[in-house]
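Open your viewer and get ready to click along. We'll go stop by stop, with something to select at each one.

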Amino acid sequence: MNERGAKVNPCRTMANLADSAPRFWRLCRAPLSYAPMEPSIYEFPDIFRRVHMEQPGEIERETEFMQMVWRRHLKRPLRRVLDIACGNSPHGQILARAGIEVAGIDRSPTMIGAGRRESSGLDHMRFYRRRIESFRLSEDQFDAAFFMSETFPVMTTNADLMSHFKSVARLLRPGGLYCIDIDRHDGVELLRTRKLWRRRMVRVGQARVMVREYHRPIVWYEAMHSIYELECTIRFPDRTVVTRDLIPVRYMIPPLMELAARASGCFEMIAAYSDLSFTKPLELCYGRWMAVLQRARS
Ligand SMILES: C[S@@+](CC[C@H](N)C(=O)[O-])C[C@H]1O[C@@H](n2cnc3c(N)ncnc32)[C@H](O)[C@@H]1O
């Protein structure tokens, strides 16, 4: 049953559960605060890709795999796609160049600005500044949506997950597909103190970037895998900037995605693929997996 349906909707129960959660639950949620003046790495679109260790050709491989997924599961030509948390929409730019209509949503004006500049000659590409948790657009009837770069788990509450699914479903045609790229979540380690995970130096043009990644403590009652903190000290020739991003990561594995999709009442998970492969079993998944959800037909 879709989100407009009158029948009993499993998503109602789950969404209501989160919406009507006891007050103490909200009050004692783990605080995710950081110094208000510290900028985000997304203020520096050219630098963030290098910081995230993106490999040459990775975006192209991901886009190609999504196109294979659409050919396999969509059963009709794909004309219009929605890129969620698009940033500068590198996948969308490839698709728009191939003649597909692309709309991207993201909350960062800097990332969207970079995307608009890079795609300025493309008629098929539009960007909207929206939050992924709940959004509406003036256009709809997309054949597919996708959420790349393993960012989906930043939605940690059930309420956000449900309103996100409803927002995406509203914009998709019945039977439309939603591909979600998620990193493989290993065992959860409950930390008591902030812990340095990795550090490395990256050069981007004239800038030298010291990247430090931390894990921060989580509390047992959150559905979190970890809280990831990314600190970048960027030394430009004339100034130094320190960026800090705190990224909560919901524990998200295939059966939980299947449950959440079904709870939304708008989606069914129809496949889960490992490492951009149709044949590699989940047991052998090395780094990431892709959930393929299908929007309810009625
Ligand atoms: C790692 S980047 C990925 C960008 C793009 N999808 C790609 O593959 O290159 C993550 C993006 O998610 C966006 N983002 C994170 N949280 C968001 C939220 N709550 N609402 C909207 N955008 C969000 C950031 O602004 C950023 O552009």
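Before you click, one term: two strands pair if DSSP finds at least two bridges between them. Helices (H or I, at least four residues) and strands (E, at least two) are DSSP runs, numbered from the N terminus. What you have open is a predicted model, where local features need pLDDT of at least 70, side-chain atom pairs count only at pLDDT 80 or more, and totals for chains, interfaces and linings use all residues. Residues are numbered from 1 along each chain as its sequence is written.

**Whole chain.** Select the protein chain: there are 8 helices and 11 strands in it. Of its 298 residues, 35% are buried; buried means that 20 or more other C-beta atoms lie within 10 Å of the residue's own, with C-beta atoms placed from the backbone.

**Strand β1.** Now select residues 80-84, which form β1. How many of its residues are buried? The count is 5 of 5, so to speak a mostly covered strand. R80, L82 and I84 point one way, while V81 and D83 point the other way.

**β1's partners.** In β2, V81 is partnered by V102. To get from β1 to β2, follow the chain through helix α5 (residues 90-97); this β-α-β crossover is right-handed, meaning that, with the strands pointing away from you, the path from the first strand over the helix to the second runs clockwise.

**On to β3.** Select residues 101-106 (β2) and 125-129 (β3), which run parallel and are joined by 5 bridges. Look for D106, which stands opposite R129 in β3. With helix α6 (residues 109-118), β2 and β3 make a right-handed β-α-β unit.

**Helix α8.** Last stop: select residues 254-264 and colour M257, A260, A261, A263 and S264, the buried residues of α8. Seen down the axis, they fall within an arc of 165°, so they line one face of the helix; the arc is that of the directions from the helix axis to the C-beta atoms. Just after α8, click G265, which takes a positive phi of about 75°.

Technical notes. A residue is buried if 20 or more other C-beta atoms lie within 10 Å of its own, exposed if 12 or fewer, and partly exposed in between; C-beta atoms are placed from the backbone.
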